Each structure stands twice: as C-alpha cells, then as structure tokens.
Amino acid sequence: MIPFARRQPAAWERPGGLSHVLDLWRADPKIGAQVVLERELPASAAQHRPFPEGLAPRIQEALLARGLTELYTHQREVFEHCRRGDNVVIATPTASGKSLSYNLPVLQAFTEADHARALYLFPTKALSRDQEVSLRTFLEEAGLSHGAITYDGDTPGDARRSARERSGVLITNPDMLHAGILPHHTSWARFFANLRYVVVDELHTYRGVFGSHLANVLRRLSRIAAFHGGKPQFILASATIGNPEAHAERLIGQKARLVSESGAPTGPRHVVVYNPPVVNAELGLRASTTKTAVRLAAELVIAGVPTLVFGGSRNQVEVMLKYLREKVAAADLDPELVQGYRGGYLPEARRRIEHGLREGLVRAVVATNALELGVDIGSIDAVVSAGYPGSIAGTWQRFGRGGRRQGPSLSVLVPSSSPLDQYLARSPEILFERPAESARVDPDNVEILIQHLKCAAFELPFEEGEAFGDVPEATVGEALDFLAQHQVLQPVESASGRKVYHWSTDAYPANAVSLRTVGWDNFVVIDVEKQKTIAEMDWRSTHTMLHEQAIYQHDGAQYQVERLDYDNHKAFVRFVEPDYYTTAMTHTKVQVLHEESETEMGEMLRVGLGDVNVVEKVVGYKKIKFHSHENVGYGEVQLPEIQMPTSSMWMTISAQSIEAQPHPRPVVMDAIVGLSKALRTVAALGLMTDMADIGVTVVDDDEAEEPVSAGDKRFSPTIFLFDRAAGGVGLAPRLYEERRTLLARAASLIRSCVCEEGCPSCVGPVVGDMVVPARTRSVALALLGTLEPAFE
C-alpha cells in the first residue's frame, strides 16, 4: 500500500457530483430499464429541547463551546431516564448522536463523584480506539480529570496499570472483559466498587452465539460488581433492528427503557435498486453483480462522489477493489484514491484508511461488513451494495453509512441472481414496508451457559441457592452439581450448612472459551520476499482462503500461498500477477447425535429435530479468470475437517416418493439439492433472519447416519437445515414448528418462478459448488407433487 497521493477535490472542484451522476443515469435508457425501484426519502428537520435541569454547568459549557445550544429530543430523553436510575436502550438511526446520548449521563456522574467509573464495550478494537479519542477530548473540554483509556490486547503494561488505578472510563471489547478483566477482578476492586455505568454500543451486532456469550459475560460482570459493592446501570445503543428493547433486556437480564424516536435531522436520501440485466434467458443468469456494482461505483468516484462499496465476502471485496482501481486509473485518476477495508488487514492499515476518509485523501472504500459498524469515517455521499446483505436491517445499516453529514446521499442495491436477492428485486417495496428483522440470542443454551458458569466459579465461589443473572436458582444448582460430579467444582459445606462450590482444577477456564467462533487463534500471513507480516486471518477462513496454491488477495494485489504451517498458524505467500483468482469448494456432511422430535408427514415425508454434528471439509479449489469469471482449472486441498455441534431440523424423503419419479437417481438428487436451496431461501424469509445464519446440505443413504435412514435400505435422501452457530440459537426448532408452511412456501417459490427449467432464483443452476442441470425445476415440482399431501 503506497502513500495516498493527493487530497480529494472540494465539492466546488468536483467534475460532477451526486446530482450530475443521477441525471446521467436517468437519461440512460439502458440503466433506466434495470432500475426496479427509485425513491427519494425526504429530509427531516431537527427536533430540539433545552439542556435538562441538573446538567452540570461545566458540561453545558463544553457543549456550548462546540456550538451546541440544545440537545436532540432523544438525547435529553436518555439523560432523564438515566437520572431516574433506569437502564436504557437507544435505537435511533446511524449518525443521530447516540454517542453523546450515553456520554452525557456518564460525565454527569463524574461531576457528582470523583471516584465514579464507567465501562464502555465495543465489538471491535477499531471502534474502541475511535471512541477513545473523542471521549477523552470531551472530558478535557468539560474540565474532568477522569480520563479514558482503551484496554485491549494492544495496551502496554504501564497503561494497563494506569487503567486499573486511575481511568474514569475503561473502553474495551467483550473478549478482553471475558478473559482479561473478570478473572482478575481482585486487581480491579476499586473500579468495580465504583462502577456506575456500563455502556454497550452496537447492540445489533450481538446476536447468535456471540450475543449469547455476551449475555453470560454481563451476568458475570454484574455478579462481580455486586461482590465489590457496585450496581451499575446499563445504557445500550443499537442500529435498526426489530426488537431492540427485548434484545437489550435479554442481554442484560434486566428491564430497560426504549428510546427510539430520533430528533436528529436527516438529509434527502435517494434509494435505487438496480437489477442487472439477464444475459442468459434459458438459465436465468444475470450480468455479474460484482462487475455491475463496480461500474456504477466507478461513475460515482470519477464524478468526485465519496463512495462506499460493500461486498459480501473478502474475495469479492478484493476482486471489486482491483476492478475499481483499474477503472479509476483509466480515467487518469490516482488508483490509490480507492482503498479496501476488511477483516484481515493489519490495524495500522485500517487506521490509515479511516484517517484518509476523514481527511478527504480517499474517495472510495470497498469493504465487507467491517465498515457497517459506527467507525467515524467522515462524509460518505453514496453507498453501493453488491448483493443483498441478507436482511432488511443489514441493508439499512449499510445505507446508513451514507449521508452522515446531513447532506443528500445515494443508496444503491445491486441484487445478485440468488433467490433471496431476486425475490427482493421483484418486490423492492419490502425494503420500506417490512419491519427490520429481530436479533436473537439464547444465553441459556446449555453448552454456552456451562462454559460461563465455570468461568464465574473460578472468579467467585457459588453458594447453594445463588442465582446467576436471570437464570433460576434451581437451574444453576443443577448445573453446579453436574460440574461437581465431573470434579470441576468442589462443594464444601459452610458454617451455615449451605454448600459452597469452589473451583477445583488447574485449568484457566476463560482461555478455553471463545466468544465469537468455534475455532482457534488467527493465522498470520507472511510475505516470503519481504519477510514481513502483511495480514492476519481467522481460523475458519484460513481453510478456504489460505490453503496451499490459493491466490490470496490483499489490497488489490495477488499473492500465492506457497506453504501453510497449520500447526504454527502461519501462511507463507509470494507476490504474483496471475490472470485468475481461486475460490474454495467445500463438502458438508451431517451426523445426527440426538433426535429430540419426529413427525410423519403423510407416507412420503418424515421430519425430525435434534442435535447434529456438522462436518465441513475443503476438498478443492477452482481457478476463476478475472473479468470473464470463467472457470479455468481445479486443484486439490488437504486440510483437516471443521466440526461444529449444533441443532437441526431435517426432512427425509421416502424411497417410495423417489421411485415414483421416472428419472435416474442423479437427476432426482439434483432436484432435491435444488429444493433444499428453495427451502433455505423461504426459511430465511419466514424467520426474518440472515441467510448466513442457516446452513443446508443434502445427505443420501451413503452418508446418512442413524437414525435418519433406519430400516430403509432404499434411496431416501435427507435435507438438513441447521443453525450455523455452535450449539444453535433456536432457529431449527422454529423451522420444525413451521414445517408445513416452510414446504408450502418453497413449492410456491418454485412454481411462481418465470424460468423454464431452473434458474438461480428458484432451484439452480448453481447450488454451492454443485451445478444443477436442466430439468431440475420440473423434477423438483414433480417431487413436490408427491409430497403435497404432507403440507396441505
């Protein structure tokens, strides 16, 4: 990455600007033919209220010095709830001043007690560092000496001592709180005794397994604070989700007051859904989403519009970065005006990009959802999303990154050929008419709860009859007895006659519990020519992106992986200039561990629910040529399997139904794979969840485990729909309950498609790495015909 070459032109120097690009698009009939929705959301005026009574004069002076003579209505409402001792959840749009909403009560507490303390939790280190600078400045302007410091794995030893002893605001992330602070709470006794507020920002990111873990970390936090004499209030801030109040209360185990009416002004926003044109009507294939998004983004960048481009994966981001830089260079502009931003970039590289955006040195950023969070990146006028992110909430979180300075903005969605994206393209009004999806957690998941009870017992012994947050005493008692039976805890009778459970092993439990993944530590990526670490990669992604002979893409450049040192977590790469990139092929199989429920749906279908073990293995890779995106070769991969215990519902199709089809077994299997794709699409829509949260695979007789094919030696394949989170988060049971509706909606999706024999919008032609041939749709419909009595 070379230094940024020059500053982006000011608005009056730009060759066109946003309105110029919109005029060009409206005048182009080819673009107009593919725009399935164009809507302008009007600007809204600010709603103010005076500073609340009791707000400390020094805080008022600091606000006045910033030019703020009043507060937005929601900011004052949050302050008043906090003064009454309530927990509060703030659910207002991006750039509405949520940070000031939670900073004001904290600073007010500092003016009233020099010893008061606050804990701020952010999901990423980037957000922590970003907030530290602004909060420290605010404290100084208010004449408060409490200070603010980020405490994470990068914090040096002397700063850690200062954080424990003197810092008024401790800024950290859930992982550091879990493994680096709570187990050592005796060193933080003064901090916990005086803890007044706990701020949890980016609440919407704490969902699934990560959110379930955080809820238990907060249970441990409250328990330790109470032990030292503290009883903090919680302030939580969220972007758009469907259940902010319920989600907040589930995370903290306490009641919370919802503040959702924003008083912040917004600029006019143009929303455009551009569906790429069909290039193969027989197969239902549309023009590349990646190349279409790049073309639209290039026109914006060349016209001087600060633009943010979102991709769905790291590989897609790097391909779009390469293409966009080429188009910008062809327009005689510096290609370094375009930067990439994704997980895996080293911290210093991400900080440089964030600084370049704020200072106008970068005109466009191509990013994964790492930039969906609230990092302050300055003024972005346009957002282009290459593909539907999987949820309405996620779409508006992306769109919200544009227009953060109240000026006009543009939000463009470019759907892919996938069923979910094309469903949205056919009915784009649902972006405005359907509510945002709910965030779901299951903190009482037995696997997760037991792990945190171990950590809590290590931190403080449990007394018989003690609750754990909002977990009932009886449940806690049963779990403690289970751990005692396995000699993890030692019950000792106290003087009062009650049992006290003490930690009794040598292990340090928090180190064995990962909050975010089921994997291990990150791998580092080393450039063998420069002998320099250029990136890092999480354990799971390493299997698909850093296998030997993979083309690893970084900052628009290509590196070939020469050697993967799996045991020492190192990947050695060399800079190359190929005309292709690689994408991994993964095989998934499922083993049923425990069948919880079973239902016969007529004579042709058996539906089950239970615990499964999902085994994924990267078996090879494809070489994809740049620009044409044609497949130019294959290679093999030798890596260990990835195993994940989770919950699943499954549908076993009877041999009788299969034998009723006048087609050979491979053709029927292709149709069932297509049907599984349709089931996953309607499952995500019905549950209002991200498609990435639901996994799907088809297992035939050769792979199926008992009890799926018990007693049936003929061909009776099984479709598994499982939670893509270790231990599950409750999606599979809901699918099992709605099994009839699920099948009916899948049948409706396939029947209503306008294609002839299967397309990406219904059952094919591509499902994962399996190419589905023609006839798939007709065979799938015939198969559904035999199953129809099961869901009528």
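**First stop: a loop**

Select Asp 555, in the loop between S24 and strand S25 (557–565); strands (E, at least two residues) and helices (H or I, at least four) are DSSP runs numbered from the N terminus. Its phi is near 55°, a positive value in a residue other than glycine. Asp 555 counts as buried because its relative accessibility is 9% (buried is under 20% relative accessible area, exposed over 50%, partly exposed in between, with a 1.4 Å probe and protein chains only).

Now jump to Gln 487, in the loop between helix H19 (473–485) and strand S20 (489–493). Here phi is near 60°, again positive in a non-glycine residue. At 62% relative accessibility, Gln 487 counts as exposed.

**Next: a cavity**

Select Asn 315, Thr 544, Met 545, His 547, Ala 550, Ile 551, Tyr 552, Gln 553 and Thr 582, which line the second largest cavity (on a 1 Å grid over the protein atoms alone, points where a 1.4 Å probe fits but cannot get out; lining residues have an atom within 4 Å of a point). S24 gives the most to this lining, with three residues.

**Before you zoom in**

This is a predicted model, numbered from 1 along each chain as its sequence is written. Local features need pLDDT of at least 70, side-chain atom pairs count only at 80 or more, totals for chains, interfaces and linings use all residues, and side-chain values use heavy atoms, without hydrogens and water. Mean pLDDT (the predictor's confidence in each residue, from 0 to 100) is 86.

Notes. 1 Å grid on protein atoms, 1.4 Å probe; cavity = no way out; pocket = protein on both sides within 12 Å on 5 of 7 lines; lining within 4 Å.
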